[in-house]
Amino acid sequence: MAPMYTAVATSIGRDGRSYSNDGILDLALARPKAMGGDGAGTNPEQLFAAGYSACFAGALQVVAKRMKLEAEEASVTAEVGLNSIDGGGFGLSVVLRVELPEHLRNESGRELVEGAHQVCPYSNATRGNIPVELVVE
């Protein structure tokens, strides 16, 4: 499978810096205050949440077009949890909160969200690996 696009980023430490090879992304990294850090930068969980929510929003538009639905007003909020797992490691969990326009707060809207979950690359990458809850609001 040949990639349609390849993103390249480098990170230095959890309390360091992340930057893309094209220079567009350049962020300070910091542990969140809830984890004993100073919270003076972003963190991997926020970046994952931003990526997943943006990707899922794009998947919603692809599926809406296929279903001949208008869904431009839909928004997606990703809540990414960092969790302790057995053996001393860490895992992620995700809640995707999808806010649909009024005219899609019905069975068609639920089908749209489920369809997007099948199309979204983040959903496909995480399926069976981490819990992902879909909430239609």
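Author: The model is predicted, with local features needing pLDDT of at least 70 and side-chain atom pairs counting only at pLDDT 80 or more, while totals for chains, interfaces and linings use all residues. Residues are numbered from 1 along each chain as its sequence is written, and side-chain values use heavy atoms, with hydrogens and water left out.

Reader: Why is the pair of Phe48 and Tyr52 called edge-to-face?

Author: Rings of Phe, Tyr and Trp (its six-membered ring) pair if their centres lie within 6.5 Å, and planes under 30 degrees apart count as stacked, over 60 as edge-to-face and the rest as tilted. The ring centres of Phe48 and Tyr52 are 5.9 Å apart and the planes stand at 80°, so the pair is edge-to-face. A search of the whole structure finds 3 aromatic pairs, and Phe48, Tyr52 and Tyr122 form one aromatic cluster.

Reader: Where do Phe48 and Tyr52 lie?

Author: Both belong to helix H1 (residues 44-67), 4 residues apart, about one turn of the helix; helices (H or I, at least four residues) and strands (E, at least two) are DSSP runs, numbered from the N terminus.

Reader: What makes Tyr52 buried or exposed, and how is Phe48 classed?

Author: Buried means under 20% relative accessible area, exposed over 50% and partly exposed in between (1.4 Å probe, protein chains only). Tyr52 has 0% relative accessibility and therefore counts as buried, whereas Phe48, with a relative accessible area of 22%, is partly exposed.

Reader: How is Glu45 classed, buried or exposed, and what is Glu45 in contact with?

Author: Glu45, which lies in helix H1, has a relative accessible area of 11% and is therefore buried. Leaving aside neighbours within four places in sequence, Glu45 is in contact (heavy atoms within 4.5 Å) with Arg14, Val80, Leu82 and Leu92.

Reader: How do you know whether Cys55 and Cys120 are bonded?

Author: A disulfide is a pair of cysteine sulfur atoms within 2.5 Å. The sulfur of Cys55 is 3.5 Å from the closest cysteine sulfur, in Cys120, and this is too far for a bond; Cys120 is accordingly in no disulfide, and the structure holds 0 disulfides. Cys120 is also buried, at 0% relative accessibility.

Reader: What is the class of Pro121, and how far is Pro121 from Cys55?

Author: Pro121, placed in helix H3 (residues 121-126), has a relative accessible area of 53% and is therefore exposed. Pro121 and Cys55 are 66 residues apart in sequence and 7.3 Å apart in space, C-alpha to C-alpha.

Reader: Which residues of the largest nonpolar core touch the most other members?

Author: A nonpolar core is a set of buried Ala, Val, Leu, Ile, Met, Phe, Trp, Tyr and Cys residues joined through side-chain atoms within 4.5 Å. Of its 24 residues, Phe56, Leu60, Leu96, Val98, Leu100, Leu112 and Val113 touch the most other members. The elements that give two or more residues to this core are H1, strand E4 (75-84), strand E5 (90-99) and helix H2 (107-119), and H1 gives the most, with 8 residues.

Reader: What makes E1 an edge strand?

Author: Two strands pair if DSSP finds at least two bridges between them. An open sheet is formed by 3 strands in the order E1-E2-E3, with antiparallel pairing, and 4 bridges join E1 to strand E2 (residues 17-20). Strand E1 (9-12) and strand E3 (26-28) each pair on one side only, as edge strands.
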